[in-house]
Amino acid sequence: MPRYLCIMLRSFSLSLVISAGAFAQQYPQGFFRMPVDSTVLLSGNFGEIRHDHFHYGWDIKTGGKEGVRVLAAGDGYVSRLRAGPGGYGKAIYITHPNGYVTVYAHLSAFNDSIGHHVKKMQYEKELYEVDFLLDSAILPVKKGELIGLSGNTGFSEAPHLHFEIRDAKTEEIINPYFFGLNVTDKIKPFFSLLAVYPLDGGLVNGSTEPVYLPVTGKPGAYKLFSKDSIVVSGSIGFGLEVFDSESGSSGLNQVYSLELQVDGKTVYAYEMTRFAFDQTRYVNCHIDYKAQRAEKETIQKAFLLPGNKFPVYKNVKNNGIIDFKTDSMHTVKFLAKDYYGNASEVTFAVKSKGAQINSQKKCREFPSEDAVRQYPLKFDSAYSLDWWATIQIPPYALFENTCFTIAFFSKTFEGIQVVKLKDSIYSLLVEIEDKNVPLFQPLSLAIPCDTSVHDSLKAKLLIIQLDDKGNFTSKGGQYKNGRVSTKLWNFGTFAIAMDTTAPKIREPKLPKGGSIAGLKTLEFKISDELSGIKTYRVEIDGKWILFEYEPKKRSLFCKTSDLPAGKHTLKVEVSDSKGNKTVKWLTYAK
């Protein structure tokens with residue numbers, strides 16, 4: 001490696017460490033400890049890019065198993081407890097006297113005293129799913145005290161401990177690194193793909209389409225795989241697929257910071273420091289949303305769309321957009337680093353041509369008799385359309401101005417193979433484009449229903465979204481005055497369907513006489529085909545008994561040790577979101 005490059009990298013890494021260290025001085029050091037006794041390895045880190053959100057904290061590995069001891073990170077009191085089938089599953093929130101809250105999620109179990117309060121609330125409400133606050137005097141905890149066991153409950157894909165630190169006043173989530181919690185990390189960020197975007201009439205290699213270029217090299221120093229020149233004109237944005245990992249982890253995690261320089265000047269940068277929960281959907285404009293949907297590529301844009309108000313950006317000039325006006329050569333550099341200053345970079349040249357480019361974008365016009373229309377939509381303005389279906393879009397639902405298209409088609413629309421569904425669809429198909437445009441706020445959609453639906457069945461109607469193969473998912477909705485209405489978080493193709501099918505319950509196979517001897521759990525498998533399971537209730541000899549529900553396993557279960565001895569009859573009742581209900585009875589002996 002040339003000496004000047006070594007000097008540059010050392011200087012850059014040192015400046016990053018100083019920057020992160022200065023930020024960490026705002027937070028108490030030494031107050032918190034790690035929430036586990038073992039060496040901490042991360043499968044996910046703070047700000048990592050997830051589906052529709054930035055990750056809120058650390059995912060700490062537990063060796064692929066449940067039951068690892070989870071400890072209070074500091075003195076304080078249990079201020080909130082949750083248990084349920086979704087979200088964080090079983091979770092503990094501890095409020096600390098220094099103004100912060102720590103969160104421990106996806107647990108398999110609580111300690112005895114915490115578990116007592118959770119179970120008491122569950123029996124009071126006769127619900128497995130509870131979420132409640134506690135007074136500071138009820139459950140005080142000491143630093144290092146056992147509070148629960150790690151697990152895989154809620155929206156978790158594998159056993160681990162999810163750990164967060166929040167500001168108690170603002171409820172903003174903060175990068176745990178700032179509190180002196182150290183993870184071994186000697187791995188530099190790694191790059192895989194560069195993107196060059198023509199914006200507002202700009203051109204890349206003579207085209208108005210983005211250009212994606214593979215990156216080669218190794219952590220520390222990268223270069224473009226191709227030696228072909230990049231020719232740009234007008235307004236241009238850049239993007240990079242970049243990941244990080246910690247020692248002992250194979251996860252594709254988030255870098256702490258990313259910086260873009262053009263001709264030696266910073267035009268864009270961010271540091272993944274802290275953010276609020278209502279800001280997390282900004283992830284969909286932080287990345288190349290279309291590339292992620294179509295190609296599963298997670299490219300981070302180094303420029304800001306007009307509606308992007310995520311608070312981590314710094315030193316951004318002209319929203320990170322470069323206006324190439326003259327015929328000349330330019331040097332572009334990306335610099336990425338993790339919290340400890342491990343850094344990687346890629347430098348490449350672009351040739352600019354100062355061509356005059358027409359930046360006027362107009363929405364298409366369709367004949368008035370067509371069932372297709374296109375409308376200009378400003379990201380900061382509300383929009384309402386009542387043309388057969390009704391669509392209402394609130395202000396700031398989008399991240400940038402766009403032309404959105406609405407079209408109505410019959411059940412045999414060529415682009416979607418709905419033949420197998422046509423007898424189950426009770427409206428025209430409503431197509432709202434562009435599917436590659438993300439939403440920050442939900443839109444409202446109301447679709448007129450076929451008049452053939454009998455009054456007794458209207459409560460069973462809902463809106464579904466269809467893909468190009470005719471597969472469908474429920475988007476919920478309620479019938480009123482001839483229409484079915486719902487809220488949508490994405491564009492796509494929608495129609496009205498009906499759910500009259502009750503959920504399925506598969507009871508456990510017990511030997512003759514119903515003995516449960518030798519079983520650790522008594523488990524029922526439950527599922528629903530369309531609207532989704534809404535309620536579940538288990539009674540033993542007519543009285544409610546606690547059964548837990550894990551949707552990803554389709555499992556409704558109870559430890560046999562919690563069941564009373566003797567011979568008893570269980571009643572299991574499961575209902576979906578459209579009121580379809582299934583009841584099963586089981587007699588067991590213990």
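Asp52 is partly exposed, with a relative accessible area of 21%; on this scale buried means under 20%, exposed means over 50%, and partly exposed is in between, using a 1.4 Å probe and protein chains only. You'll find Asp52 in the loop between strand E2 (49-50) and strand E3 (53-54). Strands (E, at least two residues) and helices (H or I, at least four) are DSSP runs, numbered from the N terminus. Asp52 and Trp489 are 437 residues apart along the chain, yet their C-alpha atoms are separated by 9.9 Å.

A word on the ground rules: this is a predicted model, where local features need pLDDT of at least 70 and side-chain atom pairs count only at pLDDT 80 or more, while totals for chains, interfaces and linings use all residues. Residues are numbered from 1 along each chain as its sequence is written, and side-chain values use heavy atoms, with hydrogens and water left out.

**Salt bridges**

Searching the whole structure turns up 21 salt bridges, each being a side-chain nitrogen of Lys or Arg within 4 Å of a carboxyl oxygen of Asp or Glu.

| Pair | N to O distance |
|---|---|
| Asp131 and Arg82 | 3.5 Å |
| Glu548 and Lys90 | 3.0 Å |
| Lys325 and Asp323 | 3.7 Å |

What does the bridge between Glu548 and Lys90 tie together? Glu548 sits in strand E43 and Lys90 in strand E7 (residues 90-95), so this pair links parts that are 458 residues apart in sequence. Lys90 is buried, at 7% relative accessible area.

The pair of Asp131 and Arg82 spans a stretch of chain too: Asp131 belongs to strand E10 (residues 130-133) and Arg82 to strand E6 (residues 76-83), so parts 49 residues apart in sequence are tied together. Asp131 is partly exposed at 43% relative accessible area, and Arg82 is partly exposed at 23%. As for the remaining pair in the table, Lys325 is exposed, with a relative accessible area of 61%, whereas Asp323 is partly exposed at 40%. Elsewhere, a network of salt bridges links Glu48, Arg50 and Asp59.

**A buried aspartate and a buried asparagine**

Asn152 is another loop residue, placed between strand E12 (146-149) and strand E13 (160-167). Asn152 counts as buried at 10% relative accessibility, and a polar atom of its side chain lies 3.2 Å from the backbone nitrogen of Ala158.

**The second largest pocket**

This pocket has a volume of about 890 Å³. On a 1 Å grid over the protein atoms alone, a pocket is an open set of points with protein on both sides within 12 Å along at least five of seven lines, and lining residues have an atom within 4 Å of a point. A volume is the space filled by probe spheres set on the points, which are joined across faces, edges and corners.

The lining has 31 residues, and Lys90, Ser108, Glu548, Phe557 and Lys559 lie nearest the centre. Helix H2 gives the largest share of the lining, seven residues.

Glu433 and Asp434 are joined by a cis peptide bond, with omega about 20°. Asp434 is in the loop between strand E32 (429-433) and strand E33 (438-448).

Two residues other than glycine have a positive phi: Asn315, near 55°, and Tyr396, near 65°. Asn315 lies in the loop between strand E24 (313-314) and strand E25 (322-324), and Tyr396 in the loop between strand E30 (389-393) and strand E31 (402-409). Asn315 counts as partly exposed at 45% relative accessibility, as does Tyr396 at 46%.

Methods: 1 Å grid on protein atoms, 1.4 Å probe; cavity = no way out; pocket = protein on both sides within 12 Å on 5 of 7 lines; lining within 4 Å. Polar contact = N/O pair within 3.5 Å; in protein donor to acceptor, adjacent residues only side chain to side chain.
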